[in-house]
Amino acid sequence: MSHLIEEVRKQQPLIHNITNQVVMNFTANGLYAVGAAPVMAHAKEEVEEMARIASAVVLNIGTLTKEQVDAMILAGKSANQAGVPVVLDPVGVGATTFRTDSANRILQEVKVTCIRGNAGEIANLAGVDAQVRGVEGSSDIDVQKLAKLAFETLQIPLAITGEKDVVVDQGAQVSISNGHPLLTKVTGAGCLLSAVIAAFISVSDHVTEAMSDAISYYNVAAEKAAEKHAYPGSFQVAFLDQLFEVDGAAISKKKRINRSL
Amino acid sequence: MSHLIEEVRKQQPLIHNITNQVVMNFTANGLYAVGAAPVMAHAKEEVEEMARIASAVVLNIGTLTKEQVDAMILAGKSANQAGVPVVLDPVGVGATTFRTDSANRILQEVKVTCIRGNAGEIANLAGVDAQVRGVEGSSDIDVQKLAKLAFETLQIPLAITGEKDVVVDQGAQVSISNGHPLLTKVTGAGCLLSAVIAAFISVSDHVTEAMSDAISYYNVAAEKAAEKHAYPGSFQVAFLDQLFEVDGAAISKKKRINRSL
Amino acid sequence: MSHLIEEVRKQQPLIHNITNQVVMNFTANGLYAVGAAPVMAHAKEEVEEMARIASAVVLNIGTLTKEQVDAMILAGKSANQAGVPVVLDPVGVGATTFRTDSANRILQEVKVTCIRGNAGEIANLAGVDAQVRGVEGSSDIDVQKLAKLAFETLQIPLAITGEKDVVVDQGAQVSISNGHPLLTKVTGAGCLLSAVIAAFISVSDHVTEAMSDAISYYNVAAEKAAEKHAYPGSFQVAFLDQLFEVDGAAISKKKRINRSL
């Protein structure tokens, strides 16, 4: 079977992003590099219509406002009705009460297909104590334990990404150990990954597999970019190039995945 | 006569952009590379004042809200009173009712100097049926026929850009066949072109010529960038470099234009 | 004593930016390259909480709205109460009445630790006549005289940046003559510098020294980037790389500073 990245490139799914202002440009360029088509729209007057025609919807609360969260809920409900998958990226949850409350409001009102966040964000969202520093996750959390606990509480497939990435679903936990520290120097690296996961989910029937494949692909692209560039400016450019170039064969050679129950 | 790009670089026109959040940074950097000066301002309290001191105004509805469209109309009317040209970029028109209605509202209230969009957007704006997929245009439209029909309806000089570019005005139709497919992988390539057209129009008395010259220049820069870079990340960087470097002589060597009535 | 850049990299201060939409991505990537951690948040519901946990707050009015200025004042007051330094970047002051009034409103309600702007902005903010063209400063102002007059009026430490940079405080004036003209071709070069100054101030007890050190560091990085890249696209990428690479030793070799009373 071919890798899902080939399927993304064939189907060119339209990904509707309601996302933060910091990463909009990088997310759109990243989705183009992946082979998907981005659309950004957040006005309450149009989000329901846009979500319906999309292949997947991404809700990212990085620079949220009350109005934007309202629009996210409209878009999410519309996606739910139309059978369009919804990915939640709970950026900075735990840093302020407003973020935590808004993420919980979204989870109450929208059926979310999966969530991607760093350890600190997922720990806060699930009510596990952790200190979240800005939009950065704490690094001294036992991620596999967190994945288990968070899934028990949230009952939604999760991708917890950081130094090591873990995907968790009912009865399945996948560890992925590709990637490169330079990704932490690129603003929106996590946000774009959420959008890439959305693209992969939209062309697959298996959420966990789509999440794992998206993360492997993404991190192999980062490794290949870092082979030639050691600084964050040129790394970011090379990373977009690699998202465009990396194919199933390149991923197979490099990917390191462990599956467990 | 020297190419208009030289005139832009000499006059350094101030381009007031009310544009979408995805492309603001790229548009501003692109305008600097061209030799113009960008300013972004969208608060209703200041857009009239800003539009009056600008050399041209760009209205781009890519991530529109009701408030932003109101601000666009204030800016557009102020520009009209001051004799400042106005370029409309109807991003995604046809994808949602709100976009179509907003673009029509702008056209009713503001005297627009010219419009730049892809085939799908222009077809929708003019009421010619076409399926618009996100912000991407349909590729199987007869663009020269569309140009004719759309100009008959809208009675505004138009630039329809895509694989082939067409500029149309009363009694004139210009086809331009420079450019490179990698431009479709760069978010905001169309949006920046609208801003570049605004810069060219602001230093010329001939709208059609200014549009054609802007498009030739832009596409020659893309071709030169693509000679060395085959991937979208590094292509985008090289494209900004080429916008800065390309001069009238370089354009003359490469440009492919056909004029017809 | 080691250069403050080493201290920034050790402490990784969290910089809370309420800034304009054009430069958010570049500011965040720049702060990561410097070694700081960026956070962007502008909703009135969370800015007070975010400002309190930040190491410094940056208020930048580049694409201001009434709501955003309200949020800036909430964040600024909260920072004041928590003893967190506040940097004001009065982008485009003088271009419109709304900008000038908003900057003055912030100065009345928030105790600002220091201000960074170009000559035109500072001249307008201090009530010294100057013609500001968009967000660009006039270049024919006697900057050292301006620094003196502006400090007398505003009584706040100032960094006036442009071809030559001047830092002024009670009884001290520092001239810094590093830098490169290509910086003027990068959107948000001034805005990012304000954020970098915030990072330096947050790890120092001496505001003037922190401002001077930040500017020297920033401009040496620009010089080193310009040694290899003559065009704005590739220069910007190399500049981020150099912000990441340049250390105290590299700065010492290149910096050109004059101190006077």
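Modeller: Let us begin with a single residue. This is a predicted model, and in it E152(A) is partly exposed, with a relative accessible area of 45%.

Colleague: With which residue does E152(A) form a salt bridge?

Modeller: The partner of E152(A) is K148(A), and the closest N and O atoms of the pair are 3.1 Å apart. Both residues belong to helix α7 of chain A (residues 143-154), where they stand four residues apart, about one turn of the helix.

Colleague: How many salt bridges does the whole structure hold over all chains?

Modeller: A search over all chains finds 30 salt bridges. One of them joins E45(B) to K44(B), with 3.4 Å between the closest N and O atoms. As to accessibility, E45(B) is partly exposed at 33%, and K44(B) counts as exposed at 55%.

Colleague: Which parts of chain C does the pair of D89(C) and R116(C) tie together?

Modeller: The side chains of D89(C) and R116(C) meet in a salt bridge of 3.0 Å, N to O. D89(C) lies in strand β4 (residues 86-89) and R116(C) in strand β5 (residues 114-117) of chain C, so the pair ties together parts that are 27 residues apart in sequence.

Colleague: Are D89(C) and R116(C) buried or exposed?

Modeller: The cut-off for a buried residue is under 20% relative accessible area. D89(C) has 0% and is therefore buried. R116(C) has 5%, so this residue also counts as buried. Salt bridges may also share partners: K66(A), D70(A) and R105(A) are joined in this way into one network.

Colleague: Which side chains form the salt bridge between chain B and chain A?

Modeller: The rule finds one salt bridge across this interface. Its partners are R99(B) and E46(A), at 2.7 Å from N to O.

Colleague: What does the interface of chain A and chain C show?

Modeller: Here 29 residues of chain A are in contact with 29 residues of chain C, and the two chains bury about 2400 Å² between them, 56% of it on carbon and sulfur atoms. The count of salt bridges is one, formed by E46(C) and R99(A), whose closest N and O atoms are 2.7 Å apart. There are 11 residue pairs in polar contact, with both residues at pLDDT 80 or more. The elements that give two or more residues to chain A's side are α5 and α10 (232-245) of chain A, and α10(A) provides the largest share, five residues.

Colleague: Where in chain A does T96(A) lie, and which residues does T96(A) touch?

Modeller: T96(A) is placed in the loop between β4 (86-89) and α5 (97-109) of chain A. Leaving aside residues up to four places away in sequence, T96(A) touches E46(C), E49(C) and M50(C). T96(A) is buried, with a relative accessible area of 2%. A polar atom of its side chain lies 3.2 Å from the backbone nitrogen of R99(A).

Colleague: How is an aromatic pair to be read?

Modeller: One considers the distance between the ring centres and the angle between the planes. Over all chains the structure holds 12 aromatic pairs. Y218(B) and F239(B) form an edge-to-face pair, 5.0 Å centre to centre with 85° between the planes. Y218(B) lies in helix α9 (residues 207-228) and F239(B) in helix α10 of chain B, so the pair ties together parts 21 residues apart in sequence. Y218(B) is buried at 1% relative accessible area, and F239(B) counts as buried at 1%. In chain A, ring pairs link Y218(A), F235(A) and F239(A) into a cluster.

Methods
Residues are numbered from 1 along each chain as its sequence is written. Chains are lettered from A and ligands numbered from 1 in the order in which they are written. This is a predicted model: local features need pLDDT of at least 70, side-chain atom pairs count only at pLDDT 80 or more; totals for chains, interfaces and linings use all residues. Side-chain values use heavy atoms; hydrogens and water are left out. A salt bridge is a side-chain nitrogen of Lys or Arg within 4 Å of a carboxyl oxygen of Asp or Glu. Rings of Phe, Tyr and Trp (its six-membered ring) pair if their centres lie within 6.5 Å; planes under 30 degrees apart count as stacked, over 60 as edge-to-face and the rest as tilted. Buried means under 20% relative accessible area, exposed over 50%, partly exposed in between (1.4 Å probe, protein chains only). Contact means heavy atoms within 4.5 Å. A polar contact is a pair of N or O atoms within 3.5 Å; within protein, one must be able to donate a hydrogen and the other to accept it, and residues adjacent in sequence count only if both atoms are side-chain atoms. Buried area is the accessible area (1.4 Å probe) that two parts lose on being put together, summed over both.
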